[in-house]
Amino acid sequence: MQLADKTALITGAAMGIGRACALRFAEEGAQVVVADVDAEAGRSVVDEIRGDGGEAQFVEVDVRRRADNERMIDDCRDAYGRLDILFCNAGITLPKTLPETADDEIDEVIDVNVKGLMYAARYAIPIMLEQEDGGSILFTASKTGLVAQEDSPVYCASKGAAVLLAKALALDYAQDDIRVNALCPGVIDTPMLRRFADAMPDPEAAWREYEQEQPIGRLGTPEECAEAALWLVSDHASFITGVALPVDGGFTAM
């Protein structure tokens, strides 16, 4: 198993990419801390992992809050004695132009997508430095952290910040056995995307348009993102740090 005897903490793990990663990491032997603001859905993921013979705990967390980030990491260490993998996956989007965007909306996107990563990593790094074999940190950024898209400037800015934060931390701790990378999903078939499509005047047409915009001709799946995330946090990627890995069906190649 690729993650045997490892402890992984995943935020935003109640659904979508986070849920798929929690299940996959557990399948590979990790003890998984499922962290999410949605307690009911998060506990359901834990039940699913345990039902398959894995080990998992749930922690309710609002990643916007420094104290919540620190408490979830403390809870992870209390439960399993260490923190090998910190996967800051929780994120929100904001499909609005800048003049349409209110102050509180800007604050929320930056708080979740940027400050949440900083709070968690800042508290986790000293813990990993104390461990003989360091650790691995992964941020979920986005293809929009690599290339811009229309009508989402605040979201693009937040995901660009996630990419550069990963790169900067990777350099700072390259000789301390702490690897830091960013996962950059493209358009993925998640519950969030389904809700966006359902809100369109013609949801089926919107879905077809999503698919047609991808060079590979279809949307990605959370499970495909989970495979990429698994590789990045595993020892198979032991010489990989400071990378922003697109999982986007070729979108950023255009």
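Colleague: How do the residues of the lining of the largest pocket divide into nonpolar, polar and charged?

Modeller: They split into 23 nonpolar, 13 polar and twelve charged. Nonpolar is Ala, Val, Leu, Ile, Met, Phe, Trp, Tyr, Cys and Pro, charged is Asp, Glu, Lys and Arg, and the others, Gly among them, are polar. Mind that this is a predicted model, where local features need pLDDT of at least 70 and side-chain atom pairs pLDDT 80 or more, while totals for chains, interfaces and linings use all residues. Numbering runs from 1 along each chain as its sequence is written, and side-chain values use heavy atoms, without hydrogens and water.

Colleague: How much space lies in the largest pocket, and which residues are closest to its centre?

Modeller: Rolling a probe the size of a water molecule over the atoms shows where empty space is left. A pocket is an open set of points on a 1 Å grid over the protein atoms alone, where a 1.4 Å probe fits, with protein on both sides within 12 Å along at least five of seven lines; lining residues have an atom within 4 Å of a point. The volume, the space filled by probe spheres set on the points, is about 1700 Å³ here. Of 48 lining residues, T93, Y155, M192, L193 and F196 are closest to the centre.

Colleague: Which element gives the most to the lining?

Modeller: That's α6, with five residues. Helices are DSSP runs (H or I, at least four residues), numbered from the N terminus.

Conventions: Helix = DSSP H or I, 4+ residues; strand = E, 2+ residues; numbered from the N terminus.
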